[in-house]
Structures are given as C-alpha cells and as structure tokens.
Amino acid sequence: MTARISSKEVYDQAASWAARLDAGPLPSGEQANLEAWLDADIRHYGALAQAQALLVPTHEPVSTQMAEPIQSGRRAFVLGGSIAAGLAIAAGVATYVSRAWNEGRYRTQIGEMRVIPLDDGSVVSLNTNSEIVVRYSQSRRDIELIRGEALFDVAKNKRRPFIVKAGTTQVRAVGTSFSVKALADRPVQVLVREGVVEVKREDVPVAPAVLVASNNRAVAPLDSPIVANPVATAEVGRALAWRVGRIAFHGEPLGQAAAEFARYSPLHIQIDDPEVANKKVIGLFVSTDPVGFANAVAVSLDLHADIHGEQIRLSRK
Amino acid sequence: MNLPSHDRARWLAQHIVPHERAIRSWLARRTHDLDIDDIVQEMYARLASLDDAESIRNPRQYAAQTAISIALNLARRARVVPMISIGDFEELGLASSEPSPERTVNSQDELRELENTLQELPSLCRTAFLLRRVDGLSQREVADKLGISVKTVEKYMARSVRFLIETYGRGGVGGAQVSKGEAAAGTVEGDRSQLRR
C-alpha cells in the first residue's frame with residue numbers, strides 16, 4: 001500500500017466534514033479544501049456519504065413541516081404534532097436564571113419540554129408542567145423537584161454527590177442517569193436508567209435507604225416503605241419517551257392514556273363509557289397532540305371521536 | 001464531484017446503514033487480507049453516486065454485490081486470492097430477489113436503539129446529537145437551547161457520528177485485519193464473529 005491514510009483516519013475526517021456541512025454552507029476556501037479532499041481518494045467520498053447518512057434527521061426539520069399546508073385550524077393549534085416545533089418555541093421563550101452561580105429555578109409550561117445543561121456537565125431534561133430548583137455548592141449538588149418529572153444525566157464526581165429531593169423523598173447519586181416523577185396525589189417514582197442511586201425518606205430517618213440499580217423503578221408512598229422493582233429495558237425506553245416529545249403505551253387502558261395526555265395539553269380527552277376506558281392502547285404518540293392521538297385511537301379501536309372546543313370525547317360508534 | 005444529496009443520505013440511512021453490520025461480518029468471514037473499512041467506504045461511495053437509487057428493488061442485496069465487486073477488484077490489485085464465492089450469497093439471504101425487509105423500526109425502537117448506542121458518550125454530547133438527529137433542530141438551535149457555542153455543537157456532531165461509524169463497524173472488522181500467513185487464525189476469528197451474532 002502507498003502512503004495513503006488509514007481507513008480510521010478517513011472516518012475521522014469524514015465525520016468532521018459531515019458535521020461541518022451539517023452546520024451550514026461552507027465558505028469558498030473551505031469548499032475548495034473539501035473538494036480537494038474528496039478528489040484525493042474514492043473512499044473519502046464514501047465515508048462522507050456514510051457519515052451524512054448517520055446524521056440525517058429522522059424527522060424533517062421544522063421549516064419544511066411548517067411549509068406544508070395546514071389541514072385544519074385545530075391541528076394548527078397543536079402545532080401540527082411536531083415536537084421540534086414545540087422545542088424551538090420553548091427555546092425562544094425560555095430564560096436561564098442566574099447561571100453564574102448555577103443556582104436557579106427552571107420551569108416548563110404544559111406541553112413544554114426543556115433540556116437544561118448544568119455547569120458540572122450534568123444535564124436535566126424537564127418534562128411538561130414541571131419545576132426544579134438547582135443549588136450547587138462546593139461539596140454537593142442539590143436539586144429540588146417541586147413538581148412534575150425530570151430526567152437527570154449526572155456527570156460523575158465522587159466528592160460532590162448529586163441529590164434530588166422530591167417532597168420528603170431523597171435520591172442520591174454519584175454519576176448515573178435516572179428520572180424522578182412527582183405528580184400531585186401520587187407517590188414519588190424513581191426510574192434508574194444507568195448506574196445505582198440511593199433512595200430514602202427524610203421524614204422517616206429510621207428507615208434504611210434503598211439502593212436502586214439500573215432498570216429498576218422505586219416507588220415511595222407516603223405511608224409505607226419504599227419498594228423497588230425491576231423494569232424491562234424496553235419499558236425504561238417507553239417511560240422516557242417524553243424526552244423526545246413522545247408518549248408510549250404498551251397495553252395501558254385508554255382511560256389512563258387519556259390522563260397521561262392531560263399532563264401535556266389543555267385539551268382534555270373525555271371518556272364516559274367505562275368499557276371504552278378499559279380498552280387497551282399500544283403505540284407511540286406525540287405528547288402535545290391529543291387530537292392526533294384521539295383520531296388514531298378512534299380508527300384502531302373503532303370508536304367515535306368528537307372534538308368540541310377544549311374537549312375531545314371518545315365514545316362507542 | 002457533487003456532494004451526496006440530502007435525499008440520498010436519507011436513502012442510505014434507511015436502506016443501507018441497517019444492513020451494514022451484516023454485510024461487514026459476512027465480508028469479514030470471506031476475505032482475509034482486505035481492510036473491510038476500505039471496502040465499505042467505497043461501497044458507500046458507489047451507492048452515493050448512483051444516478052437512481054430509489055428504483056433499486058433490494059438495496060441490501062445490491063449493496064452486498066457492490067461490496068463483493070469492490071473486494072474482488074482490491075484482491076486483484078493486492079494479488080491475493082479472495083475467499084469469495086457467489087454461492088455464499090445464499091447465506092445472507094442475498095440471493096433472494098425479494099425486496100429487502102424495510103427497516104421496520106418505528107420511531108420508538110429507533111429512539112431506544114440510538115439512546116442505548118450513544119450511552120458511552122458524555123451526556124451533553126449525546127443530548128446535542130439527539131436534538132439534531134431525532135428532533136431535527138438545526139445546529140444553531142441546539143446551541144441556543146443548550147447554551148453552548150455552535151462550534152461545540154459541531155464538534156459534538158462529529159464525535160457522535162464518528163462513534164456511530166465505529167459502533168456499526170464492530171460487526172467484523174477484526175477478521176479483516178488478519179494477514180495471509182494467519183489464515184487459520186482468521187477462520188477462528190470468523191467463527192467467533194459468527195458466534196457473537
């Protein structure tokens with residue numbers, strides 16, 4: 001072989017070029033560099049195509065979706081069901097509070113999802129209608145989940161534990177990924193995606209802390225001990241689908257699914273018939289599009305979807 | 001040379017990337033002196049510069065045949081005897097003229113697979129990549145959302161893509177680097193990669 005570069009290096013360069021091209025048009029000088037690089041070896045062109053294929057968005061960007069004719073006024077109201085649109089708007093409205101001390105309060109509106117990077121490299125994803133307070137000090141990283149649901153991707157730091165408080169439940173981690181859910185009138189839930197966390201109740205000091213490993217969910221009811229149970233990897237994925245604006249169901253009753261949607265939108269799905277409410281739902285849906293969900297369910301379960309103002313009624317045909 | 005179009009990148013993502021690992025490990029079991037990465041890169045080059053990819057009925061088979069013809073060419077140049085026989089196509093189901101099974105992943109499966117694959121990357125890098133790849137935010141929008149610079153986002157994109165290339169390549173690269181003198185060892189390597197699947 002001649003002095004040509006190794007295929008590993010070709011991949012390094014191709015990944016850089018793909019990322020560069022993905023950022024926007026190249027200035028002419030760089031364009032010439034790219035062309036010279038492409039001409040040097042057929043493999044360069046192939047590696048670039050390969051890298052670009054890995055970077056191409058699964059869904060079309062907002063702009064092209066917006067360009068399509070809007071089918072009805074009501075769908076326009078729910079943003080055509082695009083999470084990207086929701087995120088873009090959220091990004092426009094969001095203001096980061098006093099990042100300098102990394103102390104602040106972050107909240108999301110109904111239907112909003114936010115990603116909050118913290119200075120230590122940890123990332124908080126905040127689900128709909130949620131609020132957290134961040135207090136970082138030299139020795140510890142404290143987060144309070146006031147309400148709602150958040151996923152914490154914690155940067156490792158043994159000397160600075162990461163502690164999430166939700167009501168009287170405390171979750172302690174070093175470097176891991178877990179979500180905490182604190183909905184009104186429901187026990188706090190901790191779902192561990194990666195690593196191990198320690199869950200305990202502040203108001204019951206005698207009760208031992210419970211260690212919860214990855215793919216386990218701990219439930220902390222107010223009047224009984226904390227219980228952790230294993231959860232299938234697929235279920236963890238479903239439970240965290242909200243991170244990309246989706247709700248996943250795998251055989252939950254329709255009534256429960258409707259309640260889940262109510263967390264994300266002012267449009268509420270009403271089901272009067274208990275038999276209808278008990279029908280099982282399977283699928284992945286856009287969390288901010290209850291109308292789309294109701295229509296999809298109506299077709300697959302042979303129901304009638306009646307949409308009136310802020311209410312969607314599902315009934316037997 | 002024109003850059004691969006956005007549509008072609010999407011086509012490659014849908015029809016070729018999901019089969020890359022199978023094609024690699026299949027190649028690795030049959031060639032001993034060739035760098036599989038070389039073959040795969042050239043395969044992508046040819047697929048990216050096709051006039052009309054949409055009308056290919058079975059992209060998986062087409063890609064494998066392309067890879068084989070590249071391997072034969074490389075072998076001829078390197079004066080080695082490749083261990084390829086066309087009959088082997090049966091094994092991968094490549095002989096079939098049926099349309100290749102579409103990537104039946106719904107977005108949920110894809111999301112899970114991507115997230116699992118990207119676990120090894122730092123969380124901010126992973127988040128930036130998912131916002132771009134899954135949610136379709138532009139690099140500028142990702143930068144604004146995460147409060148980091150566009151340059152950093154670009155760096156994260158490059159790093160994630162590089163990581164994914166490596167991950168998709170893990171199928172059978174090992175067998176490809178065994179030299180001719182170690183053909184026996186190469187066979188063992190090949191068997192091992194079979195066992196791994």
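These legends describe close-up views of a predicted model. Local features need pLDDT of at least 70, side-chain atom pairs count only at pLDDT 80 or more, and totals for chains, interfaces and linings use all residues. Residues are numbered from 1 along each chain as its sequence is written, with chains lettered from A and ligands numbered from 1 in the order in which they are written.

**View 1. Contacts of A:Val190.** Neighbours within four places in sequence are left aside. A:Val190 then contacts A:Val171, A:Phe178, A:Val180, A:Val197, A:Val199, A:Val212, A:Arg217 and A:Ala218. Contact requires C-beta atoms, placed from the backbone, within 7 Å.

**View 2. The side of chain A that touches chain B.** Here 53 residues of chain A contact 50 residues of chain B. α3(A) gives the largest share, 13 residues. By class, this side has 35 nonpolar, ten polar and eight charged residues. Nonpolar covers Ala, Val, Leu, Ile, Met, Phe, Trp, Tyr, Cys and Pro; charged covers Asp, Glu, Lys and Arg; the others, Gly among them, are polar.

**View 3. An open sheet in chain A.** Three strands follow the order β15-β18-β17, with mixed pairing. β15 (268-271) and β17 (303-308) of chain A each have a single partner strand, so one side of each lacks a neighbour in the sheet. Strands are DSSP runs (E, at least two residues), as are helices (H or I, at least four); pairing needs at least two DSSP bridges.

**View 4. β15(A) beside β18(A).** Four bridges join these parallel strands. A:His268 stands opposite A:Gln311 in β18(A).

Key. Two residues are in contact if their C-beta atoms, placed from the backbone, lie within 7 Å.
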